[in-house]
Amino acid sequence: MFASFVQGPLVRVIPLGILLLALQRTIFVELQVNGVILQVMMAMAAAAGVAGGSERGAVVGFIFGVMFDLAEGTPLGSTAIAMTIAGVVGGLLALIAADPHWWLAAIFTGLGTAAGVASVPLIRAFIGEPEPFQQRLAVVVAITAAAGAILSPLLVPLARWCLRMKKAEWTQPVGEAAT
Amino acid sequence: MAIYTVGRRRVIFALLLTSALLLTLDLRGNAAVDRVRDGFTRVMEPVESATGVITNPIERAWNGVINYDDLELENQALQDQLDRLIGTQASAEASVIESQELQALYNLPSLSGIETEVAQVVGYAANNLDQVVEINKGRRSGISVGMPVVNQAGLIGKVTKVTDNTARVMLVTDSRYTIGVKITSAVRDGDTPVDTTPSGLTPDEIEDAATTTTSSTTVPDGDPGSTTTTLPTGLPIPESTLPGASPLPPIDELPSDESGALVILTDPETGEVLDAAALDELRELVSSTTTTLPEVVVEKEFGALEGRGRLLLPQIRFLQDNPSLAVLQEGDLVETAGGLESLAPTGIPVGRVANRADRPGSGGPLLDVELNADLARLNFVRVVLYKPLSEVEQ
């Protein structure tokens, strides 16, 4: 069991999550674009989905979301659901292309981030929070999605490393090589 | 290849259900969840401190590039504001002391008797929904959930979560924040007490309006130079008493400035030197000042102040406008109302009414409130160690 933990992705996901959480709560609170805080953890969850599929994206999103809720004091599980959705959406979109180009991966990451950020007020509404839908929700979603897309060339390889995945290598089929 | 299988879906559903379970546990109040949260916060503290130190230069560079112009403009505006505040500080302090004495005299509740705890803001919410800050004092300093938090400008929020050494403060702008407030008529900028002369100009305005030139032709012995002062054009001096009506006064009766230099007052239109009668009249004009008192502060209405989220002004609802008593209008002052169940004592300044929106029917008006405190730049804050009167009585 210990060996499977050490060899599994969690041993990399959790420290990376702590590091990203610290960055999210320090520098990214300051580096606001038009008054919007960039959601690097949400983008990372979406990038994990793009790199490793919806299942792995969901796992990474869940872990990051629980960490975020614990540190931020938000209702435990609320951001976890949103980040899980981000990972799943990123993974589902990545099904369109087997080995997407960097710009396609950027679009998928951006859309996954947008889905996650947009679902946060929806979840808050479900738990009875008054007026969670802000007037500027569209601006927040657009800016965080754009930031996720811009960061994706960095985040997708990081997610691959984190999930112990290698970039797909396309080889010629054995039969064709012989002919 | 089965890319999207039942097994994969099962994992996703399991994670979503686990999240829902955690959410339920947390919302119902679970001691284990609170302990885990406290422990995780402790683990994160050193990591965040280290990250903060490492990323500080990047933050500064970013702010230098993005916010430099804004900062410069804001600096100028703040300097102007500081100059104005220095002028009114003395009278404001006197008013506060007077108010506290009156409240003590009539056994009225006042803020002066309530203990406070100074704390520093150490973090802001990292999401775009919550308006929450973290302060570096907690349970060990006597802080508990519900206590109001203020800074020098006024109310900023209330404590919503407390650990041993930290606390989270929900800001007034958070959409979950509500507090009872009272609206009082404000002393407008133009209503502040000013000394005016019968001409309607203040002594300072008369002095500013006067143009000063140096003349080399009337220098007495030993003096560096004499000053010729031209009277302001707006000064309503009857024409019959202006120069030419009587002879020039003797030289020893002419006014001199602080440096001892000779001062010669001249008519702004003709440039002729003023005679003794005109000077006497001028002295009378400048010295006979009257003070205009501000209007009496009137409590107009009580309502509920509600936050509306980031970058939006909080609003006051549940108001009934009664024009026969007082009209709610822009510039009115907003303070906490206090009361038996209220989490904040009465009299904490909140802000001023910035806009008024009338609603059809019996809904009453909505008032936007410009907060006194700048919530984007919080540093040192003060937690008012206040418990609602209902809890104190128990």
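**Salt bridges and the interface**

Author: Let's start with a pair across the two chains: Glu129(A) and Arg176(B) form a salt bridge, with their closest N and O atoms 3.7 Å apart. Keep in mind that this is a predicted model.

Reader: Why is the pair Glu129(A) and Arg176(B) called a salt bridge?
Author: The cut-off is 4 Å between a side-chain nitrogen of Lys or Arg and a carboxyl oxygen of Asp or Glu. Glu129(A) and Arg176(B) come to 3.7 Å, so the pair qualifies. Across the interface of chain B and chain A, the rule finds 4 salt bridges, along with 13 residue pairs in polar contact.

Reader: What is the area buried between chain B and chain A?
Author: About 4,600 Å², with carbon and sulfur atoms giving 65% of that. In chain B, Ala126(B), Asn128(B) and Leu129(B) lose the most area to chain A, together 14% of what that side buries.

Reader: Over to α4(A): how do you know that its length fits a helix?
Author: At 1.5 Å a residue, its 13 residues (40-52) should span 18 Å, and the end C-alpha atoms are 18 Å apart, so the two agree.

Reader: And what makes α4(A) mostly covered?
Author: Buried means under 20% relative accessible area, and 13 of the 13 residues of α4(A) are buried. Just after that helix, Gly53(A) takes a positive phi of about 95°.

Conventions: Residues numbered from 1 in each chain as written. Chains lettered and ligands numbered in written order. Predicted model: local features only at pLDDT ≥ 70, side-chain atom pairs only at ≥ 80, totals over all residues. Heavy atoms only, no water. Helix = DSSP H or I, 4+ residues; strand = E, 2+ residues; numbered from the N terminus. Expected span 1.5 Å × (residues − 1). Buried < 20%, exposed > 50% of the residue type's maximum accessible area, 1.4 Å probe, protein only. Buried area = accessible area lost by both parts, 1.4 Å probe. Polar contact = N/O pair within 3.5 Å; in protein donor to acceptor, adjacent residues only side chain to side chain.
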